[in-house]
Amino acid sequence: MSTSVHPTPTPAPSPTQPHILDNAAWAALTGPHAHLAERVGRAARYPADVSPFTALEHPADPRAWDDLAALVGPGTVTPVTAVGTVPGGWEIENSGDGVQMIDTALHAEPDPEAVRLGPADVSEILGLIALTRPGPFLPRTIELGTYLGIRDRGRLVALAGERLRPPGWTEISAVCTHPDHRGRGLATRLVRAVAAGIRERGDTPFLHAAASNTHAIRLYESIGFTLRRRTRFTLVRTPAQRGETRGRDGREAGRPQSEA
């Protein structure tokens, strides 16, 4: 982890009042993105072609894990956010360390060259995502919020947009630039432009990055983002049969993955 990442000096939230960003996916799925949520009791997820993320109301509650098993089905691999352990009967397929950063001094402004992207652009977006690998982007991910791009001679060469939307906050995601067009500051311009739209509706921008992606972390710090917390992204497999999760001891998350 780069030593350039400094925790924000603000006091930590009370243990009885966790910060909304501690479980951002749940807050989004039960808040501004509730219209997209598929939910069983204490577990929720996005449709499979929108986002891979699932979330638990209280990750320490075994009933939430039972609800998640009912939601996604037995023997299913699914990513879960805001967890460090899983109940007995569950398997950890992969996990990785990340960082969560919040806007504390970002200069946000619209970009005259940025164009809003829509469903007709998804095929081209998926091509750029496959080339640059900033994180998951699926055929309907564009429904999560505003996505902006910069084109060069008609070709999409840079992208950034909105993903999770907990009340009062919006995550900036899918930040990427075609390798042939790097070094021109396109990603920074798009982050500023997306952030301008977020602030205009009264939200505060935040984002996630893989802890190993020190280049991106330094860039985000340099433009006004501050580390809020370290995170873990966990890929789990549900029990082969429902009802195997309750009342068993948790297990520590395992080996790292490359992307947030």
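What covers the buried residues of α3? The cover includes β9 (155–162) and β10 (169–177), in a predicted model whose residues are numbered from 1 along each chain as its sequence is written. Local features need pLDDT of at least 70 and side-chain atom pairs count only at pLDDT 80 or more, while totals for chains, interfaces and linings use all residues; side-chain values use heavy atoms, with hydrogens and water left out.

The protein chain has an average pLDDT (the predictor's confidence in each residue, from 0 to 100) of 89, and 87% of the residues score at least 70. The pLDDT is below 50 over residues 1–14, a stretch with 23 contacts (heavy atoms within 4.5 Å) beyond near neighbours in sequence. Where pLDDT is low, predicted coordinates should not be read in detail.

Helix α3 spans residues 122–132; helices (H or I, at least four residues) and strands (E, at least two) are DSSP runs, numbered from the N terminus. Val 122, Ile 125, Leu 128, Ile 129 and Thr 132 of α3 are buried, that is, under 20% relative accessible area with a 1.4 Å probe and protein chains only, whereas exposed means over 50% and partly exposed lies in between. The buried residues line one face of α3, because they fall within an arc of 120 degrees seen down its axis, taken from the directions from the helix axis to the C-beta atoms. The face turned away from this side carries the exposed residues Ser 123 and Ala 130. Just after α3, Arg 133 takes a positive phi of about 55 degrees.
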